[in-house]
Protein chains: 2
Amino acid sequence: MRVLVAGGDGYCGWPTALYLSAQGHEVSIADNLSRRSWDEELGTESLTRISDLETRVGRWEELTGREIGVAVGDLTDERFVHETIAGFEPDAFVHFAEQRSAPYSMIDRSHAVFTQVNNVVGTLNLLYAIGELAPNCHLIKLGTMGEYGTPNIDIEEGYITIEYKGRTDTLPYPKQPGSFYHLSKVHDSHNIMFACRTWGLRATDLNQGVVYNVETDETASDPVLTNRYDYDGIFGTALNRFCAQAASGNPITVYGEGGQTRGFIDIRDTVRCIELAANNPAEKGEFRVFNQFTEQWSVLGLAQLVEKVGHSLELEPKLARLENPRVEKEEHYYKAANTRLMDLGLKPHLLNEETVERLLLTAMENRDHIHPETFVPQVNWRRPRYK
Amino acid sequence: MRVLVAGGDGYCGWPTALYLSAQGHEVSIADNLSRRSWDEELGTESLTRISDLETRVGRWEELTGREIGVAVGDLTDERFVHETIAGFEPDAFVHFAEQRSAPYSMIDRSHAVFTQVNNVVGTLNLLYAIGELAPNCHLIKLGTMGEYGTPNIDIEEGYITIEYKGRTDTLPYPKQPGSFYHLSKVHDSHNIMFACRTWGLRATDLNQGVVYNVETDETASDPVLTNRYDYDGIFGTALNRFCAQAASGNPITVYGEGGQTRGFIDIRDTVRCIELAANNPAEKGEFRVFNQFTEQWSVLGLAQLVEKVGHSLELEPKLARLENPRVEKEEHYYKAANTRLMDLGLKPHLLNEETVERLLLTAMENRDHIHPETFVPQVNWRRPRYK
C-alpha cells in the first residue's frame, strides 16, 4: 500500500512511518519541520537527541534497504498539497500534520488563531486535493479523545443513538473540547464528516488518547532513529513528563486534585492502530470514528505509579499539587468506548511498571539535558491575552 | 445601551443598526464593505439600489438627529478589532460580520478556506478582545438554523438533554451542517461556548432561519436608506429569489423535490430579535442559544405561495424543478423549537400574501435591473474544485 504520512517527523508520525515501512508499505513523509521550530520558539527540546529528518530516513534505508520519501512543505500551502497528492498517489493519507499542544494553543490570541488556521486549513486543502485528485484515497486523520470533554454519560465512538420524545436518530456525538487546540480537532471532524457525506470520500478519524512512552522496535533499533521525548509543560504529555520530573529529582506535579481521567495509549499501539485502520479502510462516503486508547487513568493514578517505580530506582520522587492552569473538572464521570480497534485486532500494551521503569531510565540517562524550568505550566487557561 | 453592529452594512446588519438607533441605543457600525466587493466578484447586485454606507448614515442623521458611528475595517485584522473594542466600549457586540452564503463557500477550495478563516478568525479575535478589554460585553452572534441539519428527532435550542444507558446529561445539540459556510458557524459556536465556559464571557448565539423580505420601517422611510434585495443563486434567499423570478417572467426554480423544510423569519423580526437579546443579556459565563425563526416552510410551499400571489398580479409564474445542486434530504422530518425569543416578547410577522405581494411589487418596479442569468445555481455541491 502507498501511504503518505503527513507530520512524519513528529513524535507519533516518525515511529508510524518507520512501522509502516517495516511492514512493507511504500511510505512517504510530508512535513514542514515546524515541531522543531516550536522548540526553538519555546526554549524547549526533546530529552532524547533526535537527528534531522534526512539523516533519519537515510539511516533507515541503510539498515533496512527500505526507502522513505520526504517532501518538506506545509499543508496550508495549497500548491504543496496538490503536488504531493498528485505526485505520490497515496492509497492512504495518514494526517498527523497539525499543531497538537493544548497549552500552545492557549498561549495567547495569535497562538489560538495560528492553531486553528493551521489545522483547519491544512485539512481543508487535503480534503479538496483528495476529492479532486484521489477520491479513492483513505484519509486517516488524527483526532483526540479531548474532543468529547467529560460528559456525564458514556462516550461512544464518534456517534450516539439518541431516543428523544418518541423518535430516534444516530447523530454525531456532542463535543465539549477544552482548548483552542481541541476545538480545532472538532472543527476538522465536522469538515471531514461533511466531505465524506457530500463527495463520497472515505475517512477514519482516530480520536487518540494521551500518548505515552517513547520508543518502538523500529526507533529503538538505532540511535539515529530515536524518537523525541517531550517533557516540558507545553508539549510533554502527563506520564512522560512525570518520569522526567522524577528522574531529575524534581517533584511530580499534578494539576489540581488529579482526578482528571482520560484515555491513554502506548506509542507502540499508536503505530499499530494506524496500520489497522489503513488495512481496513472506511467505505466510500463513510466517516468512521475510532477511539484510539487502550485504558483509562486518572492523572493522580499515573503520578502515583511513577512515584512507586521511582522509589524502586531509589529516586525518592515526591508528588506536588499545582493550582490547575486549565479549566477542567477534577472529579467527573468518565467511561469511553474503545472496542472498534480491538475488533480489528489491536492487542494493547497496557501500562505497567516495566514501561515506567524504562521511561525513568531513559530520562535518568539524559538527566543532564533536563531543563526543570520548562516543567512549570507557563500558560493559564483563565487569562485571555490579546497578542 | 452602547451597541456595536459588526457587518452593519449588510442585508441584516443595516436594518438592525437603524432599528437599534431608532430605539434610542447608541449605535456604531463596523464593516469591511466586503459584501459589496463580492457582488463585483460574482457579477451580481442588489435589485434595489443601495447607497454607500457614509451616505446612508448621513441621511439617517439628517432625518432623525441620531448619529451612527462607522469604522471601516476587518475583524480578521487584530489591530482593528482591538481598537474598535477599546475605542467604543460596547455593552453589546452584534456580530453579523461573516461571509454568509452557503453556495459562495462551495464555489471551490479557495472560497471554502476563505469562508472558514474569515468567519472563525474574526470571531476568535473578537472573543480575545472582549475577554481582555471588555469582559462584561454581551456578544450577540449570528449563527444559523443550518447548523443542525435535518436530524430525525426534534431540534432544540442549542442543547439537548440526553438519557443514555441509565445516565443523563445536557449536552450541545449535535450538528450536521450542509456546507463549508454552515460548518464555519458550527466552528464559531464551539469556540464561543468554550470562551464563555473558560473566561466567563456572556454570549447569545442566534441560530437564524432563512431571512426573507427586504424593508423595515426604518429602511423604508427614505430611498437612501433602502435595504439590499439579493435575488441571485449565490446570495439570494429562497422567497426573495422566487419573487424576483416571478416578477421578471422567469420560472420559479425549486431545487429537487422541494420537500426541504427550514425555519424562516421576516427581516422585520430579525431586528426585533437582536434588540430582545440585547435587552436581556446572557449571564456571565453563559453561552445561550436561541433559534431565531418564526415558522417552518418547505421550499415547495414557498414557491406555491409566490405562484399564487403572482397570479393575482397577473404575472403567470410557472414552477420549474431543477436538479438539486446541493446535497441534502428532499423529504425529511423537521421540527425545531423556537420559543425562547417568543418568551422574551417577540411578536412574529408570519408570512402572508401581503408580504409576498409587496416583494413582488418591489421586484416588478426594479424589473429592468434583474439579470436572469444569475438565478441559475452556478455552484455544484458534488464537485470539489481544487482552486
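In this model, 47 residues of chain B are in contact with 47 residues of chain A; contact means C-beta atoms, placed from the backbone, within 7 Å. This is a predicted model: local features need pLDDT of at least 70, side-chain atom pairs count only at pLDDT 80 or more, and totals for chains, interfaces and linings use all residues. Residues are numbered from 1 along each chain as its sequence is written, while chains are lettered from A and ligands numbered from 1 in the order in which they are written.

- On the side of chain B that touches chain A, α4 (78–88), α6 (109–133), β6 (159–164), β7 (167–172) and α7 (180–199) of chain B each supply at least two residues. Helices (H or I, at least four residues) and strands (E, at least two) are DSSP runs, numbered from the N terminus.
- α6(B) gives the most to this side, with 13 residues.
- By residue type, the side of chain B that touches chain A has 25 nonpolar, 11 polar and 11 charged residues. Ala, Val, Leu, Ile, Met, Phe, Trp, Tyr, Cys and Pro count as nonpolar; Asp, Glu, Lys and Arg count as charged; the others, Gly among them, count as polar.

**Overall build of chain A**

- Chain A has 12 helices and 14 strands.
- Its radius of gyration is 20 Å, close to the 21 Å that the globule rule gives for 387 residues, so chain A is as compact as a globular protein of that length. The radius is taken over C-alpha atoms, and the rule is 2.2 Å times the number of residues to the power 0.38.
- Along the principal axes, the C-alpha atoms of chain A fill a box of roughly 65 × 55 × 45 Å.
- Of the 387 residues of chain A, 57% count as buried. Buried means 20 or more other C-beta atoms within 10 Å of the residue's own, exposed means 12 or fewer, and partly exposed lies in between; C-beta atoms are placed from the backbone.
- Among contacts in chain A with a separation of 6 or more, 83% link residues 24 or more positions apart.

**The seven-stranded sheet**

- Seven strands of chain A form an open, parallel sheet in the order β3-β2-β1-β4-β5-β8-β12. Strands pair if DSSP finds at least two bridges between them.
- β3 (68–72) and β12 (287–292) of chain A stand at the edges with a single partner strand each, so one side of each is left without a neighbour in the sheet.
- Neighbouring strands are turned by 20° against each other on average, direction ignored. Axes are lines fitted to C-alpha atoms, for helices over the stretch in contact, and angles run from 0 to 180 degrees between N-to-C directions.
- β1 (residues 2–6) and β4 (residues 92–95) of chain A run parallel and are joined by four bridges. A:Leu4 has A:Phe93 in β4(A) as its bridge partner.
- Helix α6 (residues 109–133) of chain A packs on the sheet, where it touches β4 and β5 (138–144) of chain A. Its direction makes about 175° with that of β4(A).
- Helix α3 (residues 53–64) of chain A lies across β2 (26–31) and β3 of chain A, at about 170° to β3(A).

**Helix α8 and A:Ile252**

- Helix α8 (residues 238–247) of chain A is mostly covered, with 10 of its 10 residues buried. They include A:Arg241, A:Phe242 and A:Gln245.
- Its cover includes β9 (210–212), β10 (252–255), α10 (299–312) and α12 (353–365) of chain A.
- After α8(A) comes A:Gly249, with a positive phi near 75°.
- A:Ile252 sits in strand β10 of chain A. A:Ile252 is buried, with 24 other C-beta atoms within 10 Å.
- Residues that A:Ile252 touches include A:Phe242, A:Gln245 and A:Ala246, as well as A:Val306. A:Ile252 and A:Val306 are 54 residues apart in sequence, yet 8.4 Å apart in space, C-alpha to C-alpha.

**Positive phi in loops**

- Most residues other than glycine have a negative phi.
- A:Lys165 has a positive phi near 50°. A:Lys165 lies in the loop between β6 (159–164) and β7 (167–172) of chain A and counts as exposed, with 8 C-beta neighbours inside 10 Å.
- B:Glu316 has a positive phi of about 50°. B:Glu316 lies in the loop between α10 (299–312) and β14 (319–322) of chain B and is exposed, with 10 C-beta neighbours inside 10 Å.

Terms used:
Two residues are in contact if their C-beta atoms, placed from the backbone, lie within 7 Å. Lists of a residue's contacts leave out its neighbours within four places in sequence.
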